[in-house]
Amino acid sequence: MNDADRQYLAAATARIDRLLHARGVDPISPSGLSAELQGFAEAFDRLLEQLAVFRQFAVTLAHGDLSYEAPARQHLLDPLKHLQASLRHLTWQTQQVAAGDLDQCVDFLGEFSIAFNQMIQGLRDKRAADDQIRHLSLHDALTGLYNRLFFNQEMERLATSDEFPITILVTDLDDLKRVNDTRGHQTGDLLIQRAARLIEHGVRTEDAVVRLGGDEFAVLLYGIGQSEAETIVQRLRATLVAHNRRNPMLAVSLSIGAATAEGPASLEAALRQADQAMYQDKCNRKGRDRPSHTEPRPSAGTPGQPTEGRH
Amino acid sequence: MIPHFGENYRFHWHDLGDIELGRPNLGQQLPVAVYRLAQYTMRETLAQHFGAERAGDLLREAGWIAGREFCLNVLDRDQPLNPFIAQLQAKLKDLGIGVLRVEQADLDRLVFTLTVSEDLDCSGLPVTGTTVCDYDEGFIAGLFHAFTGRSFSAREVDCWATGDRTCRFEVAPDPHPHPAAK
C-alpha cells in the first residue's frame, strides 16, 4: 500500500462518514493508486455519483416536487422512480376526482389504497345524498312533479335566457275542496296525483310540469308559440275526457289558462295572463261541464277552450 | 404509427374462438411464462428471418392490431377520454396485462406519459439495456387510434429490460401519420 492508497482510504472513509450523516459527497477521482485499489476506487466513485443523484432525487420527492427527471440507467434510483410514477399517477387521479370523476380507484399501494378508495366511496355517498336532497328540494313529495321553488328558479333563469317563445300553462284542479270534504283527504290526494299524471301525459317529456301548491299546477312549454300551445291544450283536454270516460268515480276536471311569452320582458306578464285565463276558464265552465265527484256520472263533458287571445 | 395495411387485415375477434367451450376443464388462465414463451420465440424466429429491428417492427404492428381490436371489442368507446382511461386501467388489471398509470396527461394536445407496472411482456426479464416492449407500443398506438380515429405514436422510454421497474411510454398524436391512417 503506497501513500496514495492510504490517502485515498482516508478520503473514502471520510466520505462514508459524510454519507452516514446525510451530507452530500463528491467523487474522489484518485490517481496514483496501486493496481489493486484502482478498480475499487473507480467503482466506489460510480457508487458515490449514484448516491448523490439518489439523495437529490429523494430530497426532491420528500419536498413534494414530482418534476425531477431522473437519469436513465441508474438502477439505484429504480424504487424512487417507481414511487415518483405512483405519486404522479395519484396526482392525476386527484385532479380527476376534483373535476368530478368519482370512478377513480387506487390499487397496490397498501393502506393508502384502502384509505383513498374509502374516501372516494364517501364522496360517492355524499354526492348521492346531495342529489337526493336537491331532488327533494325541487320536487313535490305527493306527485313527484317539480315544485314552486323549481318554478321560481326556472322563471329567473328564463328571464335571462333566449329560449323563446315559451308558453306557460296554469291549471287548477276543480272541486278539490269538495272532494276533500265529502270523500276524505286520501281521495283528494289521489285526485291530485291523478291530475299530475294526466297533465304529464298531455304535454311533451321535455316540458316542465310543476305543482305550484294545493290544487294549482303550471307547465312550461319550451319553444312553444301560441298556435302550437292551442294544440297542446286541446290534447290535454282530450286526455282528460278520455280518462274521465274510463274513470267516472275519480274524474279529473282542470281549469286551464295559457299565455305565450315571446321574450324575457313578457315572461311575468305571460304568467299573470295565463293565471287570469285559467280563472276565466273556471268561471265559464262552472256548473256547466265539470264532472261531479259527489254523484259520479258515466262521462264528463269536454272542458272549455282557452280564452280567445290567450289561447 | 399505423401499419401500411391500416385497418385492412384479416384478423377478427371471433378468430380467438370460444374458449369456454373449448377448455371446459382448463379454463381461461395460463401461466405468464407460457405467454412469454410464445412471444419471445416468435420474436426470435422473426429476428432470424428479418433481423432484430424488423422483428420489433412486426411485433409492433401485431400489437397495433391487438390494441385496436381490444378497444373495439372489449372497451366502451362511447365515453369521454378520462372515463375511457379509467375503464382501460380496470380492464388491464382484471386481465392481468399490467397496472396502467397515468403520469401526465395533456387532454388538449392528447399527449400522455403512461406507465405499466407488472407488465405481462417484460416485468422480471433479464436486464439487457434495451427496451423490449415493441408489442406494447403497438398495442397502445392501436388502442388510441381506435378510440380517437387518429394515428398515435407510443414510444417506450423505460423498461424492465433497461433496468427500470416500471415501463414508461410517451404517447402522442403521430406527426407524420401513414396515409392509411387517414
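## Exercises on a predicted model: sheet and chain contact

In this predicted model, helix α5 of chain B, residues 134–148, lies across β2, β3 and β4 of chain B and runs at about 145° to β3(B).

**Exercise 1.** Determine the strand order of the open sheet in chain B and state which strands stand at the edges.

*Solution.* 
- Step 1. The open sheet has four strands in the order β1-β2-β4-β3 (chain B), and the pairing is antiparallel.
- Step 2. The edges are held by β1 (99–106) and β3 (152–158) of chain B; each has a single partner strand, so one side of each lacks a neighbour in the sheet.
- Step 3. On average, neighbouring strands of this sheet are turned by 20° against each other, direction ignored.

**Exercise 2.** Describe the pairing of β3(B) with β4 of chain B.

*Solution.* 
- Step 1. Strand β4 of chain B covers residues 167–173 and pairs with β3(B) in the antiparallel sense.
- Step 2. Six bridges make up this pairing.

**Exercise 3.** Work out which elements of chain B touch chain A, and what classes of residue they present.

*Solution.* 
- Step 1. Contacts, counted for C-beta atoms within 7 Å, involve 16 residues of chain B and 16 residues of chain A.
- Step 2. On the side of chain B that touches chain A, the elements giving two or more residues are α4 (81–94) and β1 of chain B.
- Step 3. The largest share, six residues, comes from β1(B).
- Step 4. By class, this side of chain B has five nonpolar, six polar and five charged residues.
- Step 5. From chain A, helix α3 (residues 78–98) lies across β1 and β2 (111–117) of chain B, at about 65° to β1(B).

Terms used. Residues are numbered from 1 along each chain as its sequence is written. Chains are lettered from A and ligands numbered from 1 in the order in which they are written. This is a predicted model: local features need pLDDT of at least 70, side-chain atom pairs count only at pLDDT 80 or more; totals for chains, interfaces and linings use all residues. Two strands pair if DSSP finds at least two bridges between them. Axes are lines fitted to C-alpha atoms, for helices over the stretch in contact, and angles run from 0 to 180 degrees between N-to-C directions. Two residues are in contact if their C-beta atoms, placed from the backbone, lie within 7 Å. Ala, Val, Leu, Ile, Met, Phe, Trp, Tyr, Cys and Pro count as nonpolar, Asp, Glu, Lys and Arg as charged, and the others, Gly among them, as polar.
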